[in-house]
Amino acid sequence: MSSSIQTVAEHWSLAVYLGAVGLLCAFMLGVSYLLGGRDWGRAKNEPFESGVSSVGGARLRFSAKFYLIAMFFVIFDVEALFLYVWAVSLREAGWTGYIEAVVFITILLIGLVYLWRIGALDWAPESRRRKMQASKMTHIKEAE
Amino acid sequence: MSWLTPEVTAILLGVVKAIVILLVVVISAALLSWVERRLLGLWQDRYGPNRVGPFGAFQLGADMLKMFFKEDWTPPFVDKLTFWLAPAIAMSALLISFAIIPITPTWGISDLNIGILLFFAMAGIAVYAVMFAGWSSNNKYSLLGGLRSAAQTVAYEVFMGLSVMGVVAVAGSFNMRDIVAAQTHVWFIIPQFFGFVTFAIAGVAVAHRSPFDYPEAEQELAAGYHTEYSGLKWGMFFVGEYVGVVLVSALLVTLFLGGWHGPFLPPIVWFLLKTGFFIMMFILLRAALPRPRYDQMMDAGWKVCLPLTLVNLVITGAVVLLHSGAAHAG
């Protein structure tokens, strides 16, 4: 009985906590809208780009690297979810489950090494890396 | 007083505790803005804010009053809905995660059995705050900051979950009270040292603190994703960052340093001492370390920390199974 009272009380406190967080955010957004001053300026309607006049919009094309990272995240994080379930049921799953998890993690690591080897994790473009490699070689030759 | 049944009393007590915890967290997060400036001043051989009140202690009040009366400017070129939504998410996402933190045996908001998973969910939602702010501002610096931050947070969240799974495997539960109870004899920082190191790194990255503060690297991006924000909306991003610092410190204490456990002193004092220690470490990190290059940061995440957490999990699983097998045999 006392544990059920405890559970009910905890649900109430969680609900009130969530509500209070929401209210706090609404209050902070609302109070500055009400109290804040109003002013007018000539350059106020332009985006702030450190004093340089803005050219073109901010809907730009971006390096594909960012999208690659997003894809890797989906691949690895979804696979990590299976490991969450395994970790919490480790003792129930026993050695059979352990061997399966090791096989799974090995495949995950092989996938990571593959991505590494094909250069998917390198941030700099390949041309720049080759240039750096070449300059390193000439330095070594000069040293010799 | 016929309506004051034991049930109502328990509910009222729980609700009051929840409100007190919320207020303490928000106020201490706001107060950190003064603590951080004073400490940075100390470490950089200058004063820091020292004009308002003794040692500048009332600086927070002055800052708040100033921000209340600042113009709440919504530029005409922004996307209104996401522009208003972003600060609310930034502030609330990590604040909600405090619901799972057990502060003392009797204090804590809710003893959820999904426990730590709620924090991972909220950390995932917190990415939207920076993404929305960066995209809706319609400003090139903001967009760059938002994209950088999304890539960084996503790369570090992959192994943040895995780094805690060693702890979950040893404790056998996601529930935070069970995890604390499993640390009565040995704190998890000793058997799960690599888990602790990787979680601490990921925690700094998720809270966008220096040296992982790429989203708002002020030397390159003006102010990053919140360049176009002003007044209390900007203040919400600011408080949200400090809430992240307090939250990650509290999580480190709960998961790896035994929560409220400790000799002689009462539980609440131990919890506050340990959390305070990690908050100081956050500030010291900012004072001591330069910002690494972006590709170095990404390399460290994918090529060092992710394999490390996977190997750590494999070894932890073997040790736990060997141990429980030996216990059965004996």
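This is a predicted model: local features need pLDDT of at least 70, side-chain atom pairs count only at pLDDT 80 or more; totals for chains, interfaces and linings use all residues.
The predictor assigns the complex an ipTM of 0.85 and a pTM of 0.88, while for chain B the mean pLDDT is 84, with 95% of the residues of that chain reaching 70 or more.

The interface between the chains brings 78 residues of chain B into contact with 65 residues of chain A. About 6800 Å² is buried between chain B and chain A, and 76% of this area comes from carbon and sulfur atoms. Of the area that chain B buries against chain A, 11% is supplied by Lys140(B), Trp302(B) and Leu321(B), which is more than any other three residues supply.

The crossing of H2(A) with H5(B) is left-handed. On the side of H2(A) the contact includes Phe66(A), Ile69(A), Phe73(A) and Phe76(A), and on the side of H5(B) it includes Leu147(B), Ala151(B), Val154(B) and Val158(B). By class, 17 residues of the contact of H2(A) with H5(B) are nonpolar, one is polar and three are charged.

Within chain B, helix H10 (residues 267-288) packs against helix H1 (residues 6-43) at an angle of about 50°, the axes being 10 Å apart, and H1(B) and H10(B) are therefore oblique to each other. The crossing of these two helices, H1(B) and H10(B), is right-handed. Leu32(B), Val35(B), Glu36(B), Leu39(B), Leu40(B) and Trp43(B) of H1(B) make the contact with Ile279(B), Met280(B), Ile283(B), Leu284(B), Arg286(B) and Ala287(B) of H10(B). This contact of H1(B) with H10(B) comprises 10 nonpolar and two charged residues, with no polar ones.

Helix H10(B) also packs with helix H9 of chain B (residues 231-256), here at an angle of about 125° and with the axes 8 Å apart, an arrangement that makes H9(B) oblique to H10(B). H9(B) crosses H10(B) in the right-handed sense. Among the residues in contact are Val245(B), Val246(B), Ser249(B) and Leu252(B) of H9(B), together with Phe271(B), Lys274(B), Phe278(B) and Ile279(B) of H10(B). The contact of H9(B) with H10(B) contains 10 nonpolar residues, three polar residues and one charged residue.

Technical notes
Residues are numbered from 1 along each chain as its sequence is written. Chains are lettered from A and ligands numbered from 1 in the order in which they are written. Side-chain values use heavy atoms; hydrogens and water are left out. Axes are lines fitted to C-alpha atoms, for helices over the stretch in contact, and angles run from 0 to 180 degrees between N-to-C directions. Helices (H or I, at least four residues) and strands (E, at least two) are DSSP runs, numbered from the N terminus. Angles under 35 degrees count as roughly parallel, over 145 as roughly antiparallel, 65 to 115 as roughly perpendicular and the rest as oblique. A crossing is left-handed if the near helix is turned anticlockwise from the far one by less than a right angle, and right-handed if clockwise. Contact means heavy atoms within 4.5 Å. Ala, Val, Leu, Ile, Met, Phe, Trp, Tyr, Cys and Pro count as nonpolar, Asp, Glu, Lys and Arg as charged, and the others, Gly among them, as polar. pLDDT is the predictor's confidence in each residue, from 0 to 100. Buried area is the accessible area (1.4 Å probe) that two parts lose on being put together, summed over both.
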